[in-house]
Amino acid sequence: MSQTVRGVIARAKGEPVTVENIIIPDPGPGEVVVDIEACGVCHTDLHYREGGINDEFPFLLGHEAAGIVEAIGAGVTEVAVGDFVVLNWRAVCGQCRACLRGRPWYCFNTHNAKQKMTLEDGTELSAALGIGAFADKTLVAAGQCTKVDPEASAAAVGLLGCGIMAGLGAAINTGNVGRGDTVAVIGCGGVGNAAIAGATLANAAKIIAVDVDESKLGWAKGMGATHTVNASEGDVVEAIRNLTGGFGADVVIDAVGRPETWKQAFYARDLAGTVVLVGVPTPEMTLEMPFLDFFSRGGSLKSSWYGDCLPSRDFPMLVDLYQQGRLDLDAFITEKIGINDVEAAFDKMHRGEVLRSVVILGVSP
């Protein structure tokens, strides 16, 4: 039997979100209904509201979430009713060419629930990243659920579902940061600070945080940055080189995703160093550089999608590190809010006042 619950809806481009009743169908084959406990407010949700992803309004927003499996459909073996899970938007298929080559983190055929959640009038909803977790409950594919330690805080570990994993993975999985490396991170919002936390976990010797906002640089120090550079006060490339013996960093992570910051990352790396792009450019952006520079500097130029993560491998490991006190996910939570406060959280995010606002479902925050 279907259920009526609350959800945060973006009905049209640029309009404030609303909290409305939505209909959750019973799970079909391969599907799961999850009782959401907490969901982070990610910049991707704002992109959806602004029409920056596509124009398939109305959207059910929210995707950085954790909760309890309430019901499962036929054929589901990954999780059982009562499991505590972190949701992810990479439900690997196991059959595409990436999966068959042993690289499931590049899966080309990730899948979502086949049924649609709807408004009360029957209007079908587009779930953000196939999840839609600014809601009391949501319907997802079973492969989008990763079982983790039920003793962990839902508000903290739910953040692994997108931004934190993107940053951590950019450092550890894509950038292959290792013991003794020098690392620079350009852009110290949620993803950039997660990259700094990842470099700290990897035992990087020097971690340089770059931003124009002193408060964000302060957050970066708390995540493990050994040095900070205010990009508004001078040449970023020169500053990073001065902090690395004149050579540049072994790995430079661009968590902004603009042509100017990518160029800074390119020229601020050591010879044969690595650039990792994790910030998402917009379609109209272009890049023009001397072609010879690509040849003469060598190294690797990479893009990181979802931190090149495999949720079934990475989520339980990172939750274990959190439980051991080695990964401070709580430090990313600036505030806990209710489901009616998402629009205000978008405003705070836009002003750079928060790392993450986290919506607490079911109870008062």
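Two strands count as paired when DSSP finds at least two bridges between them. By that rule, E2 and E7 pair in the antiparallel sense over two bridges, with Ile23 standing opposite Thr118 in E7. Please keep in mind that this is a predicted model.

**The open sheet**

- Five strands make up an open sheet, in the order E7-E2-E1-E4-E8, and their pairing is mixed.
- The edges belong to E7 and E8, each of which has a single partner strand, so one side of each lacks a neighbour in the sheet.
- Strand E2 (residues 18–24) runs antiparallel to E1, and seven bridges join the two.
- Within that pairing, Val8 faces Val19 in E2 as its opposite residue.
- What is the sense of the pairing between strand E4 (residues 59–60) and E8? These two strands pair in the parallel sense, over two bridges.
- Here Phe59 is the residue that stands opposite Ser126 in E8.

**Salt bridges**

- Side chains of opposite charge can pair when their charged atoms come close.
- How many salt bridges does the model hold? The count comes to twelve.
- One of them joins Arg6 to Asp136, with the closest N and O atoms 2.8 Å apart.
- Arg6 belongs to strand E1 (residues 3–10), while Asp136 sits in the loop between strand E8 (126–127) and strand E9 (137–141), so this pair ties together parts that are 130 residues apart in sequence.
- Arg6 is partly exposed, at a relative accessible area of 33%, whereas Asp136 is buried, at 15%.
- Another salt bridge links Asp83 and Lys147, whose closest N and O atoms are 3.6 Å apart.
- Asp83 is in the loop between strand E5 (64–72) and strand E6 (84–87), and Lys147 is in strand E10 (residues 145–147), so the pair ties together parts that are 64 residues apart in sequence.
- Is Asp83 buried or exposed? Asp83 has a relative accessible area of 12% and is therefore buried, because the cut-off for that label is under 20%.
- Glu260 and Arg258 also form a salt bridge, and their closest N and O atoms are 2.7 Å apart.
- Glu260 is partly exposed, at 40% relative accessibility, and Arg258 is partly exposed with a relative accessible area of 40%.
- A network of salt bridges links Asp35, Glu70 and Lys137.

**Aromatic contacts**

- Nine aromatic pairs are present in the structure.
- Trp262 and Phe266 are stacked, because their ring centres lie 5.5 Å apart and their planes meet at 25 degrees, which falls under the 30 degrees set for stacking.
- Both residues lie in helix H8 (residues 259–267); Trp262 and Phe266 are four residues apart there, which means that about one helical turn separates them.
- Trp262 and Phe266 are both buried.
- Which residues do ring pairs link into a cluster? The members are Trp262, Phe266, Tyr267, Phe291 and Phe294.

- Where in the chain is Tyr106 found? Tyr106 is in the loop between helix H2 (97–100) and strand E7 (118–119).
- Tyr106 has 32% relative accessibility and so counts as partly exposed; patch residues need over 30%.

**Helix H1 and a distance along the chain**

- His43 is part of helix H1 (residues 43–49).
- With a relative accessible area of 37%, His43 is partly exposed.
- His43 and Ile68 are 25 residues apart along the chain, and their C-alpha atoms are separated by 25 Å.

How values were computed
Residues are numbered from 1 along each chain as its sequence is written. This is a predicted model: local features need pLDDT of at least 70, side-chain atom pairs count only at pLDDT 80 or more; totals for chains, interfaces and linings use all residues. Side-chain values use heavy atoms; hydrogens and water are left out. Buried means under 20% relative accessible area, exposed over 50%, partly exposed in between (1.4 Å probe, protein chains only). A salt bridge is a side-chain nitrogen of Lys or Arg within 4 Å of a carboxyl oxygen of Asp or Glu. Rings of Phe, Tyr and Trp (its six-membered ring) pair if their centres lie within 6.5 Å; planes under 30 degrees apart count as stacked, over 60 as edge-to-face and the rest as tilted.
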